[in-house]
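I set out to record what I looked up in this structure. The entries follow in the order in which I made them.

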Amino acid sequence: MFTLAEVASLNDIQPTYRILKPWWDVFMDYLAVVMLMVAIFAGTMQLTKDQVVCLPVLQSTVNSKAQPSTSGKADFTTVETTTGQGEASSMRTVSFGSAPTVTPDIPLSGATSSQYQPTESGQELKKEQKDSSGRKTNLDFQQYVFINQMCYHLALPWYSKYFPYLVLIHTIILIVSSNFWFKYPKTCSKIEHFVSILGKCFESPWTTKALSETACEDSEENKQRLTGAQSLPKYVSTSSDEGSPSASTPMITKSGFKFSADKPMIEVPSVTILDKKDGEQAKALFEKVRKFRAHVEDSDLIYKLYVGQTVIKTVKFIFILCYTANFVNTISFEHICNPKVEHLIGYTQFECTHNMAYMLKKLLISYISLICVYGFICLYTLFWLFRIPLKEYSFEKVREESSFSDIPDVKNDFAFLLHMVDQYDQLYSKRFGVFLSEVSENKLREISLNHEWTFEKLRQHVSRNAQDKQELHLFMLSGVPDAVFDLTDLDVLKLELIPEAKIPAKISQMTNLQELHLCHCPAKVEQTAFSFLRDHLRCLYVKFTDVAEIPAWVYLLKNLRELYLIGNLNSENNKMIGLESLRELRHLKILHVKSNLTKIPPNITDVAPHLTKLVIHNDGTKLVVLNSLKKMTNVAELELQNCELERIPHAIFSLSNLQELDLKSNSIRTIEEIISFQHLKRLTCLKLWHNKIVNIPSSITHIKNLESLYLSNNKLESLPAAVFSLQKLRCLDVSYNSIALIPVEIGLLQNLQHFHITGNKVDILPKQLFKCVKLRTLSLGQNCITSIPDKVSQLLQLTHLELKGNCLDRLPATLGQCQLLRKSGLVVEDHLFDALPSEVKEVLNQDTSIPFANGI
């Protein structure tokens with residue numbers, strides 16, 4: 001027999017799991033407890049009370065009723081006794097079956113006689129019946145106990161005997177079936193995790209804050225805040241409406257509010273204050289909910305298991321009801337027993353009374369009533385399970401009642417668990433939905449961000465760049481802190497790896513802001529903020545992975561002067577570059593594109609008449625189509641770097657206003673086309689460095705106005721005399737080639753100020769070199785030079801002299817006569833410098849701080 005404590009452990013569900021037990025599960029649990037008490041009560045009564053009481057059926061009474069004319073004498077069974085010699089005891093053999101029965105009213109004697117004969121007459125029988133109140137059977141107590149036990153097992157129906165145990169077993173099965181989904185490992189882990197997260201979401205201060213803000217969002221108090229909050233200066237656009245963003249332009253939109261150019265947006269003050277610890281816990285909850293959803297939504301095991309256990313309970317109910325209805329009438333008070341132990345008792349038939357019959361029948365009726373109620377609840381549960389799609393859960397009502405319109409619908413086990421929670425309290429789902437909303441998560445991030453990045457902290461991160469401008473660089477934040485827009489004297493703002501960047505109307509306070517960097521930061525702007533940026537922003541850097549990340553409002557900044565686009569613009573993946581029309585960028589002067597282009601985007605021609613500088617830095621992708629260059633007649637600077645060009649593009653020769661051409665890091669081997677540069681009258685700077693050029697054609701002399709020529713990192717072996725006919729040449733860079741000789745014609749370059757021949761094979765410096773008296777920079781490092789002529793003293797304007805990496809034994813003492821040369825500008829080995837005369841070293845060491853100070 002089970003104890004109540006042992007059975008109750010089967011229904012021992014954690015108190016926190018009660019939120020997943022709807023009313024029918026709770027009701028069935030109580031019904032199971034009542035059925036369990038019925039089983040225990042019935043079983044206890046069976047164990048503590050007499051089971052049956054049996055009395056022999058007297059044959060005379062039966063015969064007198066069946067045969068009233070029969071004489072008072074009765075037949076009896078002949079008992080033969082065989083007595084052995086010398087034995088004190090005798091053995092009785094009683095024959096059964098066809099032998100006549102013993103007269104029931106004559107008691108059996110011990111072993112004193114071998115034969116029984118009828119000695120009573122009819123008169124004596126009547127006298128005895130008259131005098132006594134009952135018929136004596138002369139059965140001793142042990143015989144009564146024996147026959148009671150025999151008849152309990154033979155005459156009593158099995159259902160009367162095992163009814164309490166059946167009820168107990170059935171109840172245990174029903175209890176196990178009701179709570180199996182809480183115990184099965186594959187579902188228990190998910191349920192435990194869900195209940196844990198749900199409890200934390202319900203109690204989280206962020207939940208209360210989010211719902212409170214939603215509740216007061218449309219309140220009169222909130223409207224008064226919006227009406228009275230005019231502390232921010234209004235920005236009125238000075239430009240026309242032309243260039244305003246279209247409906248498809250991604251702007252920040254908030255439910256319940258509309259934005260216009262003359263009405264700045266005011267953030268609604270927070271209803272409650274969320275400390276840092278609560279904010280971190282809320283962030284962790286968002287991450288837990290996201291991972292739990294991904295883990296649970298991909299299967300419907302919990303739903304199937306719950307349906308399965310409900311079906312099992314229903315089948316169990318039908319089975320119990322069917323067999324109980326058949327055996328309910330077998331429980332009765334009276335039973336006839338034929339134990340066939342006449343050789344021990346002397347009687348063949350007994351009448352028995354089942355003392356528990358009345359009580360068991362009442363308990364059985366109660367049990368049937370309980371099981372019927374239980375079964376109807378099971379049927380209702382099945383109806384509920386199949387009536388609505390429990391594998392789908394919609395937060396439509398939550399979206400309607402709150403400002404979090406982005407709460408997604410869920411499915412499978414996640415949806416089923418939420419449906420079960422709704423049966424407990426729908427408020428759980430509403431609070432849980434807050435942590436499924438990206439809007440809610442973004443609000444939390446904004447609050448936490450503003451708490452962390454105060455105005456004082458941001459002010460500490462402001463620095464001055466090389467252009468002596470105040471610059472702030474924000475890296476990998478969850479958003480843009482509000483205090484940023486209080487830095488009204490900021491010139492440059494860099495936002496890097498901030499995926500949820502939003503630029504509010506407060507940016508109109510930053511009147512000094514002219515340069516904005518968006519590095520992997522697809523920022524959204526409010527309408528008023530856009531109007532301000534459109535009229536004030538001059539320089540914009542956009543670094544992206546895919547062209548879709550470029551904010552659409554970028555193409556509408558009509559007063560933009562410089563645009564830098566760095567990212568993937570491959571035409572095959574982005575349908576002809578995918579850039580929006582640049583037609584609105586009327587004042588754009590500099591366009592810098594660092595990407596993997598195969599041709600110059602046709603959309604660039606929209607601003608071609610305005611462009612003065614075009615820079616295309618490829619990643620090694622070959623730039624094939626360059627015909628669009630012909631339309632860029634006003635371009636003064638053109639850079640085509642790392643574009644795998646093998647020759648100078650002919651389209652360049654049409655750029656009559658070109659002043660600087662940079663073809664760095666290509667695969668150019670020959671520059672015979674350089675003769676066509678004679679048509680480019682304004683060309684002053686030609687950069688052909690980092691290519692594969694073997695020689696310089698003599699036609700280079702036709703570029704009369706050339707002032708800077710960069711041919712470093714090529715494969716030149718000599719310098720032709722034609723180079724030195726360029727009288728206006730101020731900078732000549734032929735570093736890192738294979739040049740062995742500096743021609744004496746170099747003395748013709750009287751305007752030469754910078755000469756770089758580092759990393760070649762030069763061993764002798766011609767005296768004519770020192771006729772270039774305007775030289776300020778002379779780089780001769782990493783060559784084979786053995787001596788420096790004393791005529792170096794003629795270079796009075798020399799400020800930088802590189803000699804390191806040669807075969808020098810000493811330095812000329814005349815270096816001290818180079819009035820502007822200082823030790824910081826002299827790049828030589830230390831031992832060579834130490835070998836100089838002390839007075840020379842003293843001259844070179846004096847005023848070493850002046851050039852540095854001037855550089856600052």
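I took helices (H or I, at least four residues) and strands (E, at least two) as DSSP runs, numbered from the N terminus. The model is predicted: local features need pLDDT of at least 70, side-chain atom pairs count only at pLDDT 80 or more, and totals for chains, interfaces and linings use all residues. Residues are numbered from 1 along each chain as its sequence is written, and side-chain values use heavy atoms, with hydrogens and water left out.

Entry on cavities. I defined a cavity, on a 1 Å grid over the protein atoms alone, as a set of points where a 1.4 Å probe fits but cannot get out; lining residues have an atom within 4 Å of a point. Grid points are joined across faces, edges and corners, and a volume is the space filled by probe spheres set on the points. I searched the whole structure and found two cavities of 30 Å³ or more. Helix 17 (residues 438–452) supplies the largest share of its lining, four residues. Among the lining residues I noted Ser 478, Gly 479, Glu 500 and Lys 502.

Entry on helix 6. Helix 6 (residues 158–183) has 26 residues. From first C-alpha to last it reaches 35 Å, close to the 38 Å expected at 1.5 Å a residue (1.5 Å times one less than the number of residues). I located a kink of about 45° centred on Pro 164, the bend being the angle between axes fitted to the seven residues ending at a residue and the seven starting there.

I counted two strands as paired if DSSP finds at least two bridges between them. Three strands form an open sheet in the order 1-5-4, with antiparallel pairing. Strand 1 (52–56) and strand 4 (334–337) are the edge strands, each pairing on one side only. Strand 4 and strand 5 (residues 350–354) share four bridges, and Ile 336 stands opposite Glu 351 in strand 5.

Entry on parallel pairs. Strand 15 (residues 562–566) pairs in the parallel sense with strand 14 (residues 539–543) over five bridges. Val 542 has Leu 565 in strand 15 as its bridge partner. Strand 15 also pairs with strand 16 (residues 590–595), in the parallel sense over five bridges.

Note on methods
1 Å grid on protein atoms, 1.4 Å probe; cavity = no way out; pocket = protein on both sides within 12 Å on 5 of 7 lines; lining within 4 Å.
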